[in-house]
Amino acid sequence: STVCPASSALGIPVAEAQTSDSSPLPAEVLPKTVRSRFLNDINGLRMHVLEAGFETPDRPGVLLVHGFPELAFSWRRIMPGLAAAGYHVIAPDLRGYGRTDGSDITYDSDLRPYRMMNEIRDMLGLVSAFGYRHIHLIGHDFGALVASWCAVARPDIFRSVVLMSAPFGGTATLPFDTANETAVAPESSSEPDIYEELAQLSPPRKHYRSFYATRDANENMWNAPQGVHAFLRAYYHMKSADWPGNQPRPLQEWSAAELSKLPHYYVMELEKGMAETVAAHMPSAAQIASCEWLPDSELAIYSTEYKRTGFQGGLQWYRSNTSASSLFGRDGINGDLQVYAGRTIDQPSLFISGSSDWGVYQRPGAIEQMESSACTDLRGIHLLEGAGHWVQQEQPEMVSRLLLEFLGRVSWPP
């Protein structure tokens, strides 16, 4: 049994269609120093943002970029501390999420607005609207990938970058010094067809990224039998330090045999959706009641928003990144990122994650590449005890201390 209310207990019918909410989040659900507001015409969007440190002008700016399935609300525990230290802190609901335009989409909606290059444009538009010509940048999960590409594309604006939970493995490489080589037939990809290989395992498995790209994914989570609230409770629990199954370690290679070592929320059973996958690990009523980093009243902010919008807005990104090569801008809808081939993140950078976060290792070699070549001024890698994937929520005091130490050493204006 569980004390988690189903979505219907929040007064939201299970089958409700996607709707937008044009009102700010109520002040009573936010820290006292954080406000909810909207900005118009941000790369064509009406963007919802949370903001702290807005009372006085000319503060250094900090932009916080959330992941999936999250919201600007995911930064609530560190925003007041950053603002108290003198920063102007801005956290948007990304395109397709929460109260920002674009959440009322379907599987068949145009994918082009969800290209990484357009995500960069969204962030540039937001920074410009607030009157900043340079800003500090912090991203978590998918937001870390957005932050990485923003840093690569516009180092003149994004003058420092902190990545959380998702290391940046670098940009694409182009064939070099091949003009005088004998022409040969194009080689097939050196990477295995990982999805086919996973399906051949016993028992058969599939990568979560391929599931998220399917037509069924949104339906599976939005109309989960346990309700959206209970689904999110189990999902957040299973990827946190509270779940004892999270004992991460490096994987040796990008192969089905190695990836099969990942928990089932990353490499799923072939015939199961995400709702069924996490339902088997629903925390007990006692565990929920003792969860200080995500009490039920705060989880209700997420579940209310996702019950209203569904998950398709966030899932659109997975549809444009079904392969590892497209993830790093080598082909597919994000192939235009090849214009940055060979570029590195040269700004001051920092990586923070939980010691119980498998996300650090889900792409074999990525954290090593980030440390050795992708980030040329990497000032630390911190894996925090007592935190899993949701590090800024699970250990906000430690994260805040690391952020303030890092930002304090980056001159302003940079």
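Is alanine 341 buried, exposed or partly exposed? Its relative accessibility is 24%, so alanine 341 counts as partly exposed (buried is under 20% relative accessible area, exposed over 50%, partly exposed in between, with a 1.4 Å probe and protein chains only).

A quick note before you click on: this is a predicted model, where local features need pLDDT of at least 70, side-chain atom pairs count only at pLDDT 80 or more, and totals for chains, interfaces and linings use all residues. Numbering starts from 1 along each chain as its sequence is written, and side-chain values use heavy atoms, leaving out hydrogens and water.

Stay on alanine 341, in the loop between helix H13 (324-327) and strand S9 (349-354). Helices here are DSSP runs of H or I with at least four residues, and strands are runs of E with at least two, numbered from the N terminus. Leucine 174 is 167 residues away in sequence, yet the C-alpha to C-alpha distance is 6.6 Å.

Next, select the open sheet of eight strands, ordered S1-S2-S4-S3-S5-S6-S9-S10 with mixed pairing; two strands pair if DSSP finds at least two bridges between them. Strands S1 (34-42) and S10 (378-384) are at the edges with a single partner strand each, so one side of each has no neighbour in the sheet.

Zoom in on S6 (residues 158-164), which pairs with S9 in the parallel sense over four bridges. Pick valine 161 and you'll find its bridge partner in S9, serine 349.
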